[in-house]
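Work through the exercises below with the sequence and the model in view. Each task is followed by a solution in steps.

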Amino acid sequence: MWKKMIWKKVGMVLAIVSALCMMGAMMVFANSIYLNGDRNFVEVGGSGTNNTNYIDITSVNVHEYNPPYYIIAFNRINWICGVPGREDRISWRYSGTERYRYDYDAQKMYIERKDENGTTYWFYLDPSYLRNGCQGFGPPAYVWWNFAQGEIAFMAAYHMSFFKTPVTNYAKRYWQTLQ
């Protein structure tokens with residue numbers, strides 16, 4: 001009789017340990033900054049509505065190298081309809097090229113935009129928007145994506161942080177993988 005009780009307890013302990021191990025593995029995957037573990041696709045933000053943005057690191061291309069001035073382009077990919085890791089639920093929504101201009105000495109970062117006439121211009125990404133709840137320039141997630149994209153593209157191109165320390169959490173997480 002006591003042998004049955006011991007085996008029941010051993011079985012329960014094994015079940016609990018297995019469940020904890022699976023939860024830990026799922027949390028590690030959920031905290032990954034890479035799309036399905038592919039280091040070529042780095043997460044730069046999401047809207048919380050099954051919308052996640054990634055930079056294709058293999059597409060990072062330096063258009064201007066004239067220290068302290070730099071221009072970097074890359075492809076941004078937007079995945080929707082699911083959670084990374086569930087390939088049956090992932091679909092493309094947008095893929096496009098983004099360009100950033102950097103003034104390293106002044107610590108200023110700009111994103112290339114088009115006005116209503118299709119004329120391109122450089123829009124300054126003011127870090128105070130991040131500190132002040134992202135007021136005045138689009139929804140908060142949009143501002144974070146732009147900063148994260150710009151920071152991560154610079155890191156991928158030069159293996160150094162544009163700012164003294166990374167500003168966005170996405171850039172901080174990516175920076176840790178480069179150390």
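**Exercise 1. The chain as a whole**

Of the contacts in the protein chain with a separation of 6 or more, what percentage is between residues 24 or more positions apart?

Solution. The model is a predicted one.
- Step 1: residues 24 or more positions apart account for 43% of the contacts with a separation of 6 or more.
- Step 2: the chain contains 4 helices and 7 strands, and their order from the N terminus is α-β-β-β-β-β-β-β-α-α-α.
- Step 3: 35% of the 179 residues count as buried.
- Step 4: the chain exposes about 10900 Å², of which carbon and sulfur atoms supply 57%.

**Exercise 2. A hairpin**

Find how strand 6 and strand 7 pair, and examine the residues between them.

Solution. 
- Step 1: strand 6 covers residues 108-114 and strand 7 covers residues 120-124; their pairing is antiparallel, over 5 bridges.
- Step 2: isoleucine 111 has phenylalanine 123 in strand 7 as its bridge partner.
- Step 3: the hairpin has 5 residues between the strands, and glycine 118 in this hairpin has a positive phi near 85 degrees.

**Exercise 3. Nonpolar cores**

Which residues of the largest nonpolar core touch the most other members, and which element gives the most to this core?

Solution. 
- Step 1: the largest nonpolar core has 27 residues, and Tyr102, Met109, Ile152 and Tyr174 touch the most other members.
- Step 2: elements giving two or more residues to this core include strand 2 (38-46), strand 3 (52-66), strand 6 and helix 4.
- Step 3: helix 3 gives the most, with 8 residues.
- Step 4: a second, separate core has 5 residues, among them Leu35, Phe41, Ile77 and Trp79.
- Step 5: leaving aside residues up to four places away in sequence, methionine 109 touches residues including Tyr102, Phe123, Phe147 and Phe163.

As background, nonpolar side chains in soluble globular proteins tend to be buried together.

**Exercise 4. Serine 161**

Is serine 161 buried or exposed? Locate this residue and list its surroundings.

Solution. 
- Step 1: serine 161 sits in the loop between helix 3 (140-158) and helix 4 (169-178).
- Step 2: serine 161 counts as buried because its relative accessibility is 8%, and the cut-off for buried is under 20%.
- Step 3: a polar atom of the serine 161 side chain lies 2.8 Å from the backbone oxygen of phenylalanine 163.
- Step 4: not counting residues up to four places away in sequence, serine 161 touches Tyr104, Phe154, Met155, Pro166 and Trp175.

Notes
Residues numbered from 1 in each chain as written. Predicted model: local features only at pLDDT ≥ 70, side-chain atom pairs only at ≥ 80, totals over all residues. Heavy atoms only, no water. Buried < 20%, exposed > 50% of the residue type's maximum accessible area, 1.4 Å probe, protein only. Polar contact = N/O pair within 3.5 Å; in protein donor to acceptor, adjacent residues only side chain to side chain. Contact = heavy atoms within 4.5 Å. Areas by Shrake-Rupley, 256 points an atom, 1.4 Å probe, with all protein chains shown as cover. Pairing = 2+ DSSP bridges. Core = buried A, V, L, I, M, F, W, Y, C linked by side-chain atoms within 4.5 Å.
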